[in-house]
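Subject: Structure handover

Hello,

Here is the structure I promised you. Please open it and keep it beside this email while you read.

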Amino acid sequence: MSDDQELGITESKSHRTGEWYAEVVQKAGLANYAPEGMSGFIITRPRGYALWERLQRHLDAKFKATGVQNAYFPLFIPESYLEREKDIVEGFDPEVAWVTHGGHEELEERLAVRPTSESIIAPYMSRWVRSHRDLPLRVNQWASVVRWEATETKPFFRTKEFLWQEGHTAHESHEDAWEETILRLDQYQETYEEVLAIPVLRGQKPDHDKFPGAHTTTTVEALMPDGKSVQGATSHHLGTSFAEAFDIAYTDENEDEQVAHTTSWGLSWRALGALIMTHSDEQGLVLPPAVAPEQVVVVPIWQSETRERVLDYAEGVAEELDAAGIRVELDDRDERNPGFKFNEWELKGVPLRVEIGPNEVDDEALTLAHRPDSEKHEVGRQDAVDTVENHLDEVFAKLYAAAEETLEGAVREAYSRADILGTLGRHGGYVKAPWCGDEACETEIKDQIAAEIVMVPFHAADEPGELVHEGEDCAVCGEDAVETAYFAKSY
């Protein structure tokens, strides 16, 4: 372990959240800031990348089980391709990084470094689709994108380059595309709640904040302990705008030509930022079992006269857990004492620690320590696999319950501009308010307190655009309300 890790976490999660988060990311061995001259980039260390791989495997299996095939498209996109969908250019232009030279020669046409891939994937979808028999077409790519934001680097939350997946589909009808949009939103919600132990809210973005060119943008939103919201993932019903721009058409059963309806959907490593921020504490990283590189660490505790029998016992336990598919680490280092090992593995976020000393050997027992709260349990050695799996489930349940309690206590209602400002200023979290649908009302709140409308909730059958607050007045301007808005400060 490096010297900085030996110091432990020195910042406060509740009082200096940003500094605490950066310290956890670095001392838990997840990432480093890039060297001078590369502001906005990070170096993802093996331990951090392992978290991404776990998340990737989970989602990739879900996608493939529902007809998605992986592909890969070029990193560089000709400017003329972007310009075929004008909303893409307008929406991303301030953040696009451009390549103007190849070697010493100036390029005839600028190349955009992939800010998103609709404009490079859509032309090829148009080649692959001819008949209704070719639909639905579903492709996904795991890649990185670059968005040249002039903001402070926050590993996994705000970086100029980030990892993500982006799925793209084409369908016969508006309804088919909407079903696809909601299917992917469901999968993102399941991933947050069943893998990352983070409850989320789901809904759609207001029209002024939807993906450029989209018919509807749907979102899952996760609340962080500092009261800010994270856009966890988005799924876009693109309608026919991209299909019209890139000639994605098919002949129907009557041999008539029709324009396809398309979708796109993506989750980035911002999910890792939400994971770290939600569960970790002032001892370091806290991880739910599904994504933890090591789910269990076995720490033998011996004196010279008990070393051999304690180690033999610990090795047997570790081998049994490993054979059952549990990711286990046996920490039998001579040069580190048990207290140091406990602190190190707590810092790294291992969900469950198994302590084995002479007493455990004599009693045919194990002492289990849960990472979130250090609660210890003495259990029998028999049926170790079932026992450990049950305790891993308990760890997950504790993490989810804590996050759920935070979310449930942070959704408040407001019916006036003063209430919105006051509630967000005092408590953070989400403020539900009737809204007229005018962007100017959001701007007024944003100018006052840097909060925005992060979501408009769904209602019956996940249908957007219903009159949620019919007969009520907009909390900001007093005009007739047409829907509910969730205001929040966000990352």
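A disulfide is a pair of cysteine sulfur atoms within 2.5 Å. Keep that cut-off in mind for the cysteines below.

**What you are looking at**

This is a predicted model, in which local features need pLDDT of at least 70, side-chain atom pairs count only at pLDDT 80 or more, and totals for chains, interfaces and linings use all residues. Residues are numbered from 1 along each chain as its sequence is written, and side-chain values use heavy atoms, with hydrogens and water left out.

The score pLDDT is the predictor's confidence in each residue, from 0 to 100. Its mean over the protein chain is 94. In that chain, 96% of residues reach 70 or more. Residues 1-5 stay under 50. For residues 1-5, the model has 10 contacts beyond four places in sequence. Contact here means heavy atoms within 4.5 Å.

**Cysteines**

How many disulfides does a search of the whole structure find? The count is 0. Take Cys 477. The closest cysteine sulfur to its own is in Cys 441, 3.7 Å away, which is too far for a bond. Cys 477 is partly exposed, at 37% relative accessible area. For that scale, buried means under 20% relative accessible area, exposed means over 50%, and partly exposed is in between (1.4 Å probe, protein chains only).

**Two helices that pack**

First, the naming. Helices (H or I, at least four residues) and strands (E, at least two) are DSSP runs, numbered from the N terminus.

Look at helix 2 (residues 17-27) and helix 9 (residues 270-279). They pack at an angle of about 110°, and their axes are 11 Å apart. Axes are lines fitted to C-alpha atoms, for helices over the stretch in contact, and angles run from 0 to 180 degrees between N-to-C directions. Helix 2 and helix 9 are therefore roughly perpendicular to each other. The cut-offs: under 35 degrees is roughly parallel, over 145 roughly antiparallel, 65 to 115 roughly perpendicular, and the rest oblique.

Which residues of helix 2 and helix 9 make the contact? Helix 2 brings Thr 17, Trp 20, Tyr 21, Val 24 and Val 25. Helix 9 brings Gly 273, Ile 276 and Met 277. By class, this contact has 6 nonpolar, 2 polar and no charged residues. Here Ala, Val, Leu, Ile, Met, Phe, Trp, Tyr, Cys and Pro count as nonpolar, Asp, Glu, Lys and Arg as charged, and the others, Gly among them, as polar.

Helix 9 is mostly covered, with 10 of its 10 residues buried. Among them are Arg 270 and His 279.

Some background first. Most residues other than glycine have a negative phi, and most peptide bonds are trans.

Now the exceptions to look up:

- The peptide bond from Leu 135 to Pro 136 is cis, with omega near 0°. Pro 136 sits in the loop between helix 6 (118-128) and strand 7 (137-146).
- Ser 374 is not a glycine, yet its phi is positive, about 65°. Its loop runs between strand 18 (365-370) and strand 19 (376-380). Ser 374 is partly exposed, at 40%.
- Asp 383 also has a positive phi, near 60°. Find Asp 383 in the loop between strand 19 and helix 13.

Ala 384 lies in helix 13 (residues 384-408). Is Ala 384 buried or exposed? Ala 384 is buried, with a relative accessible area of 0%. Leaving aside neighbours within four places in sequence, Ala 384 is in contact with Glu 320, Leu 321 and Leu 366.

Ala 433 lies in strand 21 (residues 430-435). Ala 433 is buried too, at 1%. Its C-alpha atom is 5.2 Å from that of Ala 414, 19 residues away along the chain. Beyond four places in sequence, the contacts of Ala 433 include Ala 414, Ile 420 and Phe 487.

Val 411 is in strand 20 (residues 411-413). Val 411 is partly exposed, at 29%. Beyond four places in sequence, Val 411 is in contact with Tyr 430, Lys 432 and Tyr 486.

Best wishes
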